[in-house]
Amino acid sequence: MKKKLVAMLLTACMALGLCATTVAADEAEAATGDPIKVGIIAPLSGTTALQGEYLMNGYNFAVKHINEEGGINGRPLELVVSDSESLPEVGATEFEKLAQDDEIVAMMGAYSSGVSAVIAPLAIKYSIPLMVTHAVSDACMELGENKYVYRANCGTVESYVWYEKFFQWMAERGTPIKTIATVYENSDYGFSSNEMLQKLCDESDLGMEMVLSEPVASDSADLSGVINKLKAANPDYAYVALNGNDAVLFARQMKEYDCNVAYCGAGGGFMQVDYYEKVGDLSDYMMGISFWYYDIIEALGNPRAAELAAEYHDTYGYDMQEIVVSAWTATYVLADAMKRAESIEREAIADALKETDLEDDTATIFCPYNRVKFGDDQGRNNQNLYSAMPSAQMFSGEWKMIYPADLVQGENPLVWPVPTWEEREAQ
Amino acid sequence: MGLGLLQAGCDGLLMGGVYASIAVGLSLSFGVMRIINWAQGEFLMVAMYVAFLFVNGTGWDPYLSLFVPAAFMGVLGYLLQKFVFNNMLDKEKSREPLSILLFTAGMGILLVNVAQMLFGSLPISSITKYASKGIHIGSLIISLPRLISFCIAVVLTIALNFFIQKTETGRAIRATSQNREVAQLMGIDHKRIYCLTFALGAALLGASAALLVPFYAVSPTMGGSFGFKSFIIVILGGKGSILGCLIGGIIIGLIEKIGGLYWSDAYAQILVFALFIVILLFKPNGLLSTDKDA
C-alpha cells in the first residue's frame, strides 16, 4: 500500500515536472537583442552552386531554430554570407574580407575541400574561430595545435577507417571483397578518394587488389568507355565518385552496356535530392558510404529529429540530406560554444569550442553517434572524435543502412551479390 | 582487346555524329559570313532547355518533337542575324568582324547566367523510353538512344549538305561564301542569304539538342565542352564544309573513345586538343581543304 502511494506520488511529481518543462519550453522567447554576426563562405555560384544551396539551407534552418529558441542568451544569430564562386582563390579573398570585419565573431564554410583547405590557415592567421563544414579532405585540419579550426563531420581518415571496417564485416559474413575498382572525377575530392582506397589495398590486412583506377572528365556526354573498362575488369566492388549529371549518366549507361559490377555511389551526384527521380529503379542495390542518410533518423529513434526533418521538407520542398546535416551540426555546435563562452568575442568563443562535449543534444541530433567532442586524431587537430561513416544500400530510392550493426533496423536489408540486370528484368 | 576496340569504335562513331550536327551551324556561319559564334555551346544549352521544357511538359517523344527546338532556334538565329549581326558586319566591312566574336562571347556569359537565374544549377534530365536500352550483337552492345540520335543527326546533316549543293538558294549561299561582291553583282541579296544561313545552322543545332535529350542532362554550364569541341571539329573539317564537319565530328568521337580505352577518359581529352594544335599547324584550312584557298 505504502509502495503504491509512493509510486503514485512519484508519478504525480513526474507529471508535474513534465508540465513544468513544457511550460518552460513554451516560454523560451524568440531572441530580440543585438544580433551576433557569423560569417559564411559558401559556393553560391560556379560548379558546386547546387551544393552551396543545400549548405545555405542547412545554416539558415539551424539559425532560424536557434533564434526561435532564444538565440545566444537572448541575442539572435545573423549570417553574413559571401560567395566563394566554388573557387579557392575567391573563397580566400572573401574570407579575409569578412575576417577583417570586427563585428563578425566566427566563421563557417565552405563545402568543398579545395576552398576549405585555403580558408582554414586564414582562420588561424586572423584568430577567428572557423567551423569547417562538410569538407572531407584532411588538409584543412592538419594545421598543428590551434584553437580556431574545428570540424564536426568526417574526414578522409574516417572514410578509410569506416571502409576498412565495412570490408572486414563483408569478409566476416562470408562475402569477401577481393578486387575493387575506382571511377572518379578528376578533382581534389576524386583523387583523394582514389588514394584512400589504394592505401586500403596496399596497407590494410584485407588482401584487396585494385584492378582499375579511372579518372573521368566531368560533364561527360558519354561514359561508355569507362563502363566498358569496368565491365572488362569485373571487380567485386567499384567506388564511383561523380558529380552532377555524370552520376545520372553512369546509372543509365551501366544498364545500357549490361555492366553488372556492384558499385558504391560516392560523391555529390549520387546524393542529389532528385537522383531517384532521374534514374528510377536503376539505382536499386547501389551501395553508399556517407556521413548521414535519412534512415538514421529512424535508426536513432529521436522524435525531435523526425519532426525537424518533416519541417525541413515542408520549408524547402525536398528531404534533408548530408550537406544540410553538416551545416546544421556546425551551426548548433558553434551556438553552444557561444552560450558557454565568457563573452561574445573571438578568443572566448574559440576557448569554448575547444571544450565542446555534446551528447544527445539538438546539435548532435542527426549525428550517427549523437556526439561531438573535438580532439587530436592522426595529425588532425580539433576533429570530432565521434564522426562516423555508415554504409547503406539503396532500395526504391531510399538508403537503408547495412553497417554498422547498431544502426541497422530489424533484419539487415543487404542484398549481395547484387542481382544482374537480367535477373532484375526477370523479377 | 579486339572486341574492346570494336566497342569503343562504335561508341565513338555514334557520339561523333551528334558532335558533327552541333558543329555544322558554327561551320556555316564561319564559312559564309566569317562570323565566329563563340556562344555556340550556350546556344545548344538554350535549345536543350527548350527541348526539355517541351518534352517534359507535353510528354512527347523527344525525337518526334525535335522540330520544336529547331524552329525556335531557327527563328532566333534569323532575328539575331537580321537585327544584330548584319548591322555589325556593315560597320566592319573592311576587316574581319572581330566585334561579333566579342559580342557572342559576352552573350554566352549572359545566357549562362540567365539560365542559372531561371532554372537554377540543378541539371534537368528526362526519363524516356529509350534510356538505358542496348542492342546486343554478340558481345557488342549498341546504345539504342545513341544509335537513333546518330542516324537522325547524319541524315539531317547530309540533307543540309544536299540543300546547299543542289538547290538555287544553296548555290546562292555558296556564291556569297566564295565572293560576296561578285554574288551581289549577280543579284543575290547577301543580307537575306546571311539570315537564312544563320537560321539554318541554328535550326540544325536546335534539332541536335533534341537528339541529346534521351541521354544527356541540361544545366546552365553544359555548353562549354560542346562549344570547344565544335571549334575543333570546324577547324578539322574546314570552315564552311558540312561533310568536313561530319568527318571531323566522327574523328573527335573516335579519338575520345579509343584514346579512353588505352589511356583514360579524362586524358583522352588531351589527345583531342593535341590534334587540334597539329591540324592548325599543318593543315589550317582543314583536312578536306585543297591548298588553293590557303
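Predicted model: local features only at pLDDT ≥ 70, side-chain atom pairs only at ≥ 80, totals over all residues.
Residues are numbered from 1 along each chain as its sequence is written, while chains are lettered from A and ligands numbered from 1 in the order in which they are written.

**View 1. Strand β8 of chain A, with a partner on either hand.**
β8(A) covers residues 237–241; helices (H or I, at least four residues) and strands (E, at least two) are DSSP runs, numbered from the N terminus. β8(A) pairs in the parallel sense with strand β6 (residues 179–185) of chain A over five bridges, and two strands count as paired if DSSP finds at least two bridges between them. Look for Ile180(A), whose bridge partner in β8(A) is Tyr237(A). Strand β9 (residues 263–266) of chain A also runs parallel to β8(A), joined by four bridges, and here Ala241(A) stands opposite Ala266(A).

**View 2. How the side chains of β8(A) are placed.**
Which way do the residues of β8(A) point? Tyr237(A), Tyr239(A) and Ala241(A) go one way, Ala238(A) and Val240(A) go the other, and all are buried. A residue is buried if 20 or more other C-beta atoms lie within 10 Å of its own, exposed if 12 or fewer, and partly exposed in between, with C-beta atoms placed from the backbone. Since five of the five residues of β8(A) are buried, the strand is largely enclosed by the rest of the structure.

**View 3. Another crossover, β1 to β2 in chain A.**
Strands β1 (residues 36–42) and β2 (residues 77–83) of chain A pair in the parallel sense over seven bridges. Lys37(A) sits opposite Glu78(A) of β2(A). To get from β1(A) to β2(A), the chain passes through helix α2 (residues 49–68) of chain A, and this β-α-β crossover is right-handed too.

**View 4. Where chain B touches chain A.**
The contact takes 29 residues from chain B and 27 residues from chain A; residues are in contact if their C-beta atoms, placed from the backbone, lie within 7 Å. On the chain B side, the elements giving two or more residues are α1 (2–33), β2 (140–143), α10 (242–262) and α11 (265–282) of chain B. The largest share, five residues, comes from α1(B). By class, this side of chain B has 13 nonpolar, twelve polar and four charged residues (Ala, Val, Leu, Ile, Met, Phe, Trp, Tyr, Cys and Pro count as nonpolar, Asp, Glu, Lys and Arg as charged, and the others, Gly among them, as polar).

Asp265(B), Ala268(B), Gln269(B) and Ile279(B) are the buried ones. Seen down the helix axis, the buried residues fall within an arc of 115°, so they line one face of α11(B); that arc is taken from the directions from the helix axis to the C-beta atoms. On the other side, the exposed residues include Ile270(B), Phe273(B), Val278(B) and Phe282(B). The cover over the buried residues includes β7 (209–216) and α7 (224–233) of chain A, together with α9 (223–237) and α10 of chain B.

Glu158(A) belongs to helix α5 (residues 156–172) of chain A. It has 22 C-beta neighbours inside 10 Å, so Glu158(A) counts as buried. Ala388(A) is 230 residues apart from Glu158(A) in sequence, yet their C-alpha atoms are 6.5 Å apart. Leaving out residues up to four places away in sequence, Glu158(A) touches Ser387(A), Ala388(A) and Met389(A).

Most residues other than glycine have a negative phi, and most peptide bonds are trans. The bond from Gly109(A) to Ala110(A) is cis, with omega near 5°, and Ala110(A) is found in strand β3 (residues 104–110) of chain A. Another cis bond joins Trp416(A) and Pro417(A), with omega about 0°. Ser127(A) has a positive phi, near 50°, and lies in the loop between α4 (113–125) and β4 (130–133) of chain A.

Methods. Contact = placed C-beta atoms within 7 Å. Right-handed = clockwise from strand over helix to strand, strands pointing away.
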